Amino acid sequence: MATLPTRIRIMVATIAVLVLATVVIPAIPAGAQQPVNPTASAVNEERLLQQLQRVEGRGTLPDAKSNIIEQPAGRDWRQFHQVTLKWIGAIAILGILALLVLFYLIRGMVRIEAGRSGRTLVRFNAFERFVHWMTAVCFVVLALSGLNITFGKDLLLPWLGPEAFTAWSQWAKYAHNYLSFPFTLGVVLVFLMWVAWNFPSKADVEWIKQGGGMVGHGHPPAKRFNAGQKMIYWIVVLGGGAVAVTGYLLMFPFYGTDIAGMQLAQVIHAVVGVLFVAAMLGHIYIGTIGMEGAFEAMWDGTVDVNWAKEHHSLWAEKEIAEGHVSAPPSEGRMQAAE
Ligand code: HEM
């Protein structure tokens, strides 16, 4: 049997426990209780990231880089890839398309003002045309498959559904990888084949001053390539060189690059890629519906003499003086042109 003082002590203790349970504990502010804070881990992660510049785990893959879970530059890069790049691409490509439509509506096709003479000059030989079309076809596939990486998920996935989009993206990626090789060869050949005619000259200054004769009806003199074509040439050589170098760095990751290097390569590749597409849209416009008589230069290799006189007068004079004019098709133009 417990003695009286012991019984009193037990009663006091019981009352104290009841008071604590029913009055004191519920009155304690929530934050002061044992913490169950749902954002605590994120706060620690943020602090870790700030202090260590990365959050790293442990992994079983031989490549230690795969253990890095987060690093601040990765967030910047993700922001670039998910947001900034899309804006740059959309503004450049839709912007140039809008300008071309506007230009076509205002100016229309640039005609051969003197009409066709029916006599032709050889402008590009078979090898030059082969290199041009090989590079151009590769470019179009590379552009579409590259843009699929940037915009496909937003633009095509909702249309095609996950299965078809996955299959298309996989093939597009193979195409992007494998066609890079003939494309690079094409860019090197374009450089070697036409570099002699693409250095800036005095005639280019006048050509630019007169807007290349695109606005109004003037025909500023030009040699084999005018200033506009020289710009396209250097865009292809330098832009093609830049996408090739950065593209191979992406294709063979971490050979001589760290994560920052890979991110830089990707940013340069993507930005140059989308600007390249915009520039080539301008080139395709002027080579097709923008100018009468231009497309055949790269198709059968010949141009009408009057076209040459209007757009490349210095080149035409030289070619005519050297006796390179061919007879009309009825008199065997194609044989002469080839
Ligand atoms: C030698 C030529 C080229 C090589 C080696 C190459 C390689 C690559 C590689 C490895 C990727 C990353 C693909 C991935 O993330 O899975 C890529 C992406 C891309 N490429 Fe190319 N490429 C080349 C030419 C081009 C050209 C000519 C264009 C445009 C006209 C282009 C536009 C793009 C674009 C827009 C992306 C996606 C960028 C992004 O959203 O991340 N590429 N390329």
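A word of caution to start. What you see is a predicted model. Keep that in mind throughout.

Let's begin with the whole chain. It has 338 residues, and 35% of them count as buried. The chain holds 13 helices and four strands. Now the contacts. Take those with a separation of 6 or more: 75% of them join residues 24 or more positions apart. As for the surface, the chain exposes about 20,800 Å². Carbon and sulfur atoms supply 70% of that area.

Please find H7, residues 202-209. Which of its residues are buried? Ala 203, Asp 204 and Trp 207 are. These three cover an arc of only 100 degrees around the axis, so they sit on the same side of H7. An α-helix has 3.6 residues a turn, so residues three or four places apart point the same way. Now turn to the other side of H7. There, Lys 202 and Lys 209 are exposed.

What do the buried residues of H7 pack against? Their partners are helix H8, residues 227-251, and helix H12, residues 313-321. One more detail here. Just after H7 comes Gly 211, with a positive phi of about 60 degrees.

Stay with Asp 204 for a moment, and we move on to salt bridges. The structure holds eight of them. One joins Asp 204 to Lys 230, and their closest N and O atoms are 2.8 Å apart. Lys 230 is in helix H8 and Asp 204 in helix H7, so this pair links distant parts of the chain, 26 residues apart. Buried or exposed, these two? Both Lys 230 and Asp 204 are buried.

Here is a second bridge. Asp 154 pairs with Lys 86, with 2.9 Å between the closest N and O atoms. Asp 154 lies in helix H4, residues 126-155, and Lys 86 lies in helix H3, residues 72-107, so the bridge ties together parts that are 68 residues apart in sequence. Asp 154 counts as partly exposed, because its relative accessibility is 43%.

On to a third. Glu 292 forms a salt bridge with Arg 116, and here the closest N and O atoms are 3.9 Å apart. Where are the two? Glu 292 is in the loop between H9 and H10, while Arg 116 is in the loop between H3 and strand E3, so the pair ties together parts that are 176 residues apart in sequence. Glu 292 counts as buried, because its relative accessibility is 17%. Arg 116 counts as partly exposed, at 43%. This pair also belongs to a network of salt bridges that links Arg 111, Arg 116, Glu 292 and Glu 296.

Last stop: the surface. Look for a nonpolar patch of about 750 Å². Which residues make it? They are Leu 99, Val 101, Leu 102, Tyr 104, Leu 105, Ile 106 and Ile 289. Let's pick out Ile 289. This residue is found in the loop between helix H9, residues 259-287, and helix H10, residues 295-299. Ile 289 is partly exposed, with a relative accessible area of 45%. Patch residues need over 30%, so Ile 289 clears that cut-off with its 45%.

That's the tour. Over to you.

Methods: Residues numbered from 1 in each chain as written. Predicted model: local features only at pLDDT ≥ 70, side-chain atom pairs only at ≥ 80, totals over all residues. Heavy atoms only, no water. Patch = residues over 30% accessible without salt bridge, like charges linked within 9 Å, V, L, I, M, F, W, Y side chains within 5 Å. Areas by Shrake-Rupley, 256 points an atom, 1.4 Å probe, with all protein chains shown as cover. Salt bridge = Lys/Arg side-chain N within 4 Å of Asp/Glu carboxyl O. Helix = DSSP H or I, 4+ residues; strand = E, 2+ residues; numbered from the N terminus. Buried < 20%, exposed > 50% of the residue type's maximum accessible area, 1.4 Å probe, protein only. Arc of directions from axis to C-beta. Contact = heavy atoms within 4.5 Å.
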